[in-house]
Amino acid sequence: MVIYPGCEKFEKHGNQELMDCFSKKINKGFLIELENLLAEINLKITQVKIDAKVKFQINADGEFVNLEIDGTQDEKILLKKSFINYAL
C-alpha cells in the first residue's frame, strides 16, 4: 500500500481510509497544478469544464507510471501536462 505523506495517521484505520486520504491528497495537488497551468493561459477553472478520468500506477520506486487519460484531446493535453508537473 502506497501511503501519501501526511496520511500515515490513517494506517491504524485500515486500507480504505489510507486510500481515501491518498485520493484526496492526489486530487488536491493535481487540481492546484491544473489551476496553475490554466492561469498561464489566462483561464480560470470555472471557465473550463473537464470531464475526464486519469489512471496511473505507482511502481516500487514510488514513481508514477502508466498514465492513461480518458477524455477529449484538449483535456488530455491539459491533464497530461498538469499531471507531469505534479508528479515531478
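## Helix packing

The axes of H1 and H2 come within 8 Å of each other and cross at roughly 115 degrees. Axes here are lines fitted to C-alpha atoms, for helices over the stretch in contact, with angles from 0 to 180 degrees between N-to-C directions. Helices (H or I, at least four residues) and strands (E, at least two) are DSSP runs, numbered from the N terminus. H1 passes H2 in a right-handed crossing; that is, the near helix is turned clockwise from the far one by less than a right angle.

On the H1 side, the contact uses Lys25, Ile26, Gly29, Phe30, Glu33, Leu34, Leu37 and Leu38. They meet Leu78, Leu79, Lys81, Ser82, Phe83, Asn85 and Tyr86 in H2. Contact means heavy atoms within 4.5 Å. By class, this contact has nine nonpolar, three polar and three charged residues. Ala, Val, Leu, Ile, Met, Phe, Trp, Tyr, Cys and Pro count as nonpolar, Asp, Glu, Lys and Arg as charged, and the others, Gly among them, as polar.

## Model basis

This is a predicted model: local features need pLDDT of at least 70, side-chain atom pairs count only at pLDDT 80 or more, and totals for chains, interfaces and linings use all residues. Residues are numbered from 1 along each chain as its sequence is written, and side-chain values use heavy atoms, with hydrogens and water left out.

## Ser82 in helix H2

Ser82 sits in helix H2. Ser82 is buried, at 0% relative accessible area. Buried means under 20%, exposed over 50%, and partly exposed in between (1.4 Å probe, protein chains only). Leaving aside neighbours within four places in sequence, Ser82 touches Phe30, Glu33, Leu34 and Leu37.

## Aromatic pairs

The structure holds six aromatic pairs. Rings of Phe, Tyr and Trp (its six-membered ring) pair if their centres lie within 6.5 Å; planes under 30 degrees apart count as stacked, over 60 as edge-to-face and the rest as tilted. Tyr4 and Phe22 are edge-to-face, at 5.9 Å centre to centre and 80 degrees between the planes. Tyr4 lies in the segment before helix H1 (15-40) and Phe22 in helix H1, 18 residues apart. Phe22 is buried at 15%.

Phe56 and Phe83 form a tilted pair, with 5.2 Å between centres and 40 degrees between planes. Phe56 lies in strand E1 (residues 53-58) and Phe83 in helix H2 (residues 73-87), so the pair ties together parts 27 residues apart in sequence. Phe56 is partly exposed at 25%, whereas Phe83 is buried at 4%. Ring pairs link Phe30, Phe56, Phe64, Phe83 and Tyr86 into a cluster.

## Backbone at Asn66

Asn66 is in strand E2 (residues 64-70). Its phi is near 55 degrees, a positive value in a residue other than glycine.
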